[in-house]
Structures are given as structure tokens and as C-alpha cells.
Amino acid sequence: MMDKALDKQADGTTATGWVECQVGGFHLETNWEIQPGQVLVLFGPSGAGKSTTLRAIAGLLRPVRGHVEVGGQVVYHGGGGGDEIWVPTHNRRLGYLTQQYHLFPHLNVAANIAFGLPDRRSPAGRERVLELSGLFQLDGLEDRYPWELSGGQQQRVALARALASRPAMLLLDEPFASLDAELRRTLRRELRAMLAQSPVPVMLVTHDREEALALGDSVQVIDEGRTLVTGDPLEVLGQPGQGRVARLVGVENLFDLTVQERNPRDGTMTCVGPGLRLEVPLDTQVSGSAAHDGGEDRVTVAIRASDIILAKEDLAGSSARNRLPGEVITVESRPPGYAVTLNCSNYGDSAQLLRCHITGGALEEMEIRPGQRLWAVFKASSCFLVDEARSSDDRPPWSAPEYPA
Amino acid sequence: MASRSVTIDAVSRLRNHPIGVLGGSGAVLYVLFIGLPVIALLVRASQQSGFLDAVTSDAALTALRLSLLTSMISMAVVVLLGTPFAYLLARSDRLWARVVDSLVELPLVLPPVVAGVAMLMAFGRNGLIGSGLETLGITIPFTTTAVVFAQIFVASPFFIRSAKLGFQSVSKDYEDMAQTLGVSPWRTFFRITLPLAAPAMFTGLGLAWARALSEFGATMMFAGNLIGETQTMPLAIMSAMETSLDGALALSVMLLAGSVLVLAVLGLLTRRRWQGR
């Protein structure tokens, strides 16, 4: 069923390009290369330039310069040498999906799906609509109007419509953002299954970590119109190497510390700072590359809030290398769980705020409330070093990849 | 269904509200104020013995035919030229667009008689471009063309303003989406923009048509009162009043019926199959 519906879509063409855009005072520089069937996730805060990138590829916005290839065809080339190439949006063979779906309100489901089909009134066109409505579980809804559909059904219609004319590339702009968590997971699975059957390159914009991890084959973190890092989703989102990236992808705890002692035998080192003394993985590169400040090695240590265990008593005798006593400052709801902020101190007189994520069950069982004294426990390997020095200002200047004209 | 229950709730809540009481008496007064003359017209017309004869008289039918012909030509011109113009006004944020936009409102506030005089100064025998047209053998004033000119002048703003609002309500995102689906901008306009703006355009067309049918002042000044050539229904009513009330009443009832018909047809056309946007 699935391969029959989507077979001809398998173009097997890499989507690649780079653009420089200027929208008012906002400047964007970015480049990409996506293999067929692969998903590149553009990750970053709102206003970072993610949607602008998609609009530039779709031809809804004219870049200052760049080079864009979709389906083996140069759809934009400009600003450099040679003649400018500009293929209008409707000839770019794209599937474009937005958070608001933008289903046409005056057309029913069948007409919406068939909208881009050149042969939509022929038997072949009608059959295509039936195939797609079957594929996306829309059978029997063909005569409904968009306002008569649930959010998930609307999203499925939008997806079916985008795929109907077999695009050479998919551009997904936060496609699941307005759906509830469970539906989001279902649709992600469906999208994954569909991609396995019809390998087109996909560019997906999101600021949801879970979505990036679930769908991305690679992740590109964008901020203020610049690409900070591109790489494997687990590496980039799990243990991001740069302080700025770590903040963008939502690493909750970042501490500037000084290396006090190295323990090569354990593969750890002891770092200290105001209020904190932590055991973190030994990073051989730090001594070489990090800033030396009066003979001291300065490092930035990151710990994810979800990697911290809260305990009522000191877990002495446990294998966890870091055990910090602290006082609960705030407890906030953070669906599906809770965020607890502790004021911790195990070194010197001052203290540091530590953010921990726990489940609602744990919160009730331990009866956690502000003012309570707790222990924060985490393994040395839960800590990772981020490179603060490589901030945007110190990065090598962005250079546009060269393409033959 | 849902919207109806909301309305009933709102009305029952208004019943005990001071504004609601005031509004209710206002509504009664208003219905009387508009309804009484209309009823009086119908009652008097039905009492006239020669009513049917007057309705089917040559003079009445000639005026009716001319009114229908000229207003239909005017509306065709207004829709054909006004639609792309309104779209441009809706989508452009340039300075000239805003200047032209406020210019569209001028005929709404200008007394029609003044419009007639002004058109005479432009297209008249000694007018600004009228004298030039005269040498080319084209005469506009006091012809059926002048009637159409006068109607377009006074009625076009109703259509253009309404169509512009209609186009503005169609999000650019729908047009972008249609183009990413492989549909050219030209086809997008006919398959997306026009159908979505259609209810507003029909509303505007209804108002413009009613205005064109009732046009009197500018026509009188610029086109005159020639039977069969420039004497439309309103002018015929005016002329009939001087000789026989019968004729005037008959023509008035016909014009009233025509207006109600236009309202009803457009009311049907503006009903949407879909909700919200």
C-alpha cells in the first residue's frame, strides 16, 4: 500500500545549497546538504532564521546571494558569478508544511489533497487522492471541510496534500507544534515510516528537543541567523560542545569552574568554583586548548537537569561521585514533570543554583516543598565540558561554499 | 447551530440590560421609520385603478430597460477593472497605494450633482478632454454612455472598497501554500484568492448595483433626461410626478421590487459553505 502510493517519489536526489538572506535588519547565512530519506533538523530559538531558510528554499523570499538545488535542479543561483537563476515557487517541486496547515477553507478534504495535482479531475488523479487518504487514515473524510476536522486530521490532510504531487524535497516548519504530545508522537512515527518508503530529503524546523531527537538524522543549531553547529542529534542535543549551543538546546546547569586536581587513573578531574566542587570526566583537550589563567585551567561544566537524582539523605557509599547538599528554592510545574531549583553548596561559603527535573510521583512521594533540605546526586559521567571560548565572536568567518556557476 | 445558541444567550442576557431596552425601542422606531413609507407606497399603489396599465406602459418599460442595461454595463466595467485594482490596493503597502485608496472614497462623500457637473467639465463639449474627443467624433455627454459614466463614478467605490477588504482577509500564506503545491500565481488567484474573497465581493457588488440603479443627480447633470436614451427609472419617476401620480407610483414599486431582488440574490450568493478562516 505504502510503496504503491509513494514509489514514484523516490527521486534519490540530494538537496543541497547555501543562502545569504537579508530581511529588514536580520541577516541569515546558512548552508545544508541532505541525502535522500534523511532529515536535517533546524534547531534554534524563535527568530533564529529557521523559517527564513525554508522560505528561501521554497522561493517565497529572495536571498541576497546563494545557490539552491532541489531534485537535481538548480532552482536559485545568484549574487556570485554567472547569470542569476530564479525558478518560481510553483516550479520547484517542493512539499511545504507549516504549523497552521493552511488548508484551503473553501475546499473539502479531497479537493485539498488534489489541489496540486495537474490531473486532479482524471481517474488517475482521483485514485491518487484515494491512495493518500488511505495512507493517512482519512478514509471517509473526503467530503468534509477543514473546519470539520480535528487538529490531527487537519495535519494529516496537509501532509497528504504536500506529498500528493511527489515533491523532490520536503520542508516542514514546526509541523506538529499545535498538536498534543501523543498525537505528535503518532504523526512522527507515520512520517518516519513514510520517509523509509519514499526517500526524499527533508528539512524540519523545530524547537522541540524530543522531536529533533526522534526525527533528525542530523541537527543544525541556528541562532541569530548563524549556524552554530551541525552534527549527530544525540551529540549535539545530548552533550553539546559549545556553551552557547548548550544554552540553546536547553542544558539547564552550566558552571564556570577551575581544574583543581586531575585523576588520570579514574578518568576524572576535580573542579572547583564558588560553592561547588565537582568530579567531571577528564578531558585531555582542556589542558591544551582551554584558557590558562595564571596557571589554572578554567572549564565550563554542564549537567542536564534530568540527569540529577534528588535524595532525602546523603547517599554515602553510592557510586555517584557528586553529592551536593542543598535547600529547595522553588518547585515549578514543567509538564510532564516538575522542575526543582536547589541552592547547593559543598565548597566554600557561597552557593550555586542547581536545576533538577523530577516526575510528579517523586514530588508527591518525597513531599518536596520550598525550604526543604535535600541532596542532589549525579555521576561524574553525567557532567560534560562545554567550550565557552568558541562563542560566535571568535568563530572563523563564515564562508560560502563554492559552486560551479 | 452553536452560533445560534450563542445569539439566543446574548439576547436573553440583553433583555435586562439598560442598553438592551434602549436598543429594543430603537429597533421598533427604526422598523416603523423605514417600514411605514414602504408600506404606504405599496398601499397607495394598490389603490390606484390604473396601476397595472402604468406598470406595463411603454414609458415605464423603456425606463426599466434602460436602467437594467446601463447598470449591468456599469457593473461589468466595475467588476472587470475594479477587481485587479482592489487586489493591488489590498496587497500593496506603498505610499501611492494609500493615496489612491483614500481617493476611492471621494465619490462616496461628493454630492452626485457635483459629480455630474465635474464630469461635464471633463467630458463635456467644451470640457478638458471632451473637446478633443469631439474632434475625434466621440460625444459622451447626454448619451447613454454618459449614464454609464455617471453610474460608474458614484457606484464603483462600494465594490472596490468591499473587494479590497475581501482580498485583505485572504492570508498571503494561502497563496504561498498554493504555489509551493505547484500552482502558478495566476491560477492561484482564480483557485484560492477569488473564491475566498467572493462573499465580500458579492456584498460590494450588491451595494454598487443598488447605488447605480438609484443614481439620479449625476445622471441628471451629465446625461440629461431623454426618454429611451438617458431617462433611467429614477429620472422617469421624477418626470412622472409632474404629470401623473399613477406613473410615479408604478415606477417606484418596480424599482423597489428590483432592489429587493438584488438584495435577495446577493444574499444567497454571499452565503459561504465554510466557516471562519
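The legends below describe close-up views of a predicted model.

**View 1. Chain A as a whole.**
Chain A holds 11 helices and 22 strands. Of its 405 residues, 42% count as buried. Among the contacts in chain A with a separation of 6 or more, 65% join residues 24 or more positions apart.

**View 2. The open sheet of five strands in chain A.**
The strand order is β17-β21-β18-β19-β20, and the pairing is antiparallel. At the edges stand β17 (309-311) and β20 (352-358) of chain A; each has a single partner strand, so one side of each is left without a neighbour in the sheet. On average, neighbouring strands of this sheet are turned by 45 degrees against each other, with direction ignored.

**View 3. Pairing of β18 and β21 within the sheet of chain A.**
Strands of a sheet pair through backbone hydrogen bonds, either parallel or antiparallel. Here β18 (residues 322-334) and β21 (residues 373-378) of chain A pair in the antiparallel sense, over six bridges. One position can be followed across the pair: A:L324 has A:A376 in β21(A) as its bridge partner.

**View 4. Contact between chain A and chain B.**
Chain A contributes 16 residues to the contact and chain B contributes 19 residues. On the side of chain A that touches chain B, nine residues are nonpolar, six are polar and one is charged.

**View 5. Helix α10 of chain B and its cover from both chains.**
Helix α10 spans residues 172-180 of chain B, and its buried residues are B:E175, B:D176, B:M177, B:A178, B:Q179 and B:T180. The cover over the buried residues of α10(B) includes elements of both chains: α2 (50-58) and β7 (94-97) of chain A, together with α11 (185-214) of chain B. After α10(B) comes B:G182, which has a positive phi near 95 degrees.

**View 6. Helix α7 of chain B and its buried side.**
Helix α7 (residues 112-123) of chain B has 12 residues. From its first C-alpha to its last, α7 of chain B reaches 16 Å, close to the 16 Å expected at 1.5 Å a residue. Which residues of α7(B) are buried? They are B:P112, B:A115, B:G116, B:M119, B:L120 and B:F123. These residues lie on the same side of α7(B) because they cover an arc of only 140 degrees around the axis. Among the elements of chain B that cover the buried residues of α7(B) are α6 (106-109), α8 (130-135), α9 (144-168) and α12 (217-222).

Notes. Residues numbered from 1 in each chain as written. Chains lettered and ligands numbered in written order. Predicted model: local features only at pLDDT ≥ 70, side-chain atom pairs only at ≥ 80, totals over all residues. Contact = placed C-beta atoms within 7 Å. Nonpolar A, V, L, I, M, F, W, Y, C, P; charged D, E, K, R; others polar. Helix = DSSP H or I, 4+ residues; strand = E, 2+ residues; numbered from the N terminus. Expected span 1.5 Å × (residues − 1). Buried ≥ 20, exposed ≤ 12 C-beta atoms within 10 Å, placed from the backbone. Arc of directions from axis to C-beta. Pairing = 2+ DSSP bridges. Axes fitted to C-alpha atoms, helices over the stretch in contact; angles between N-to-C directions.
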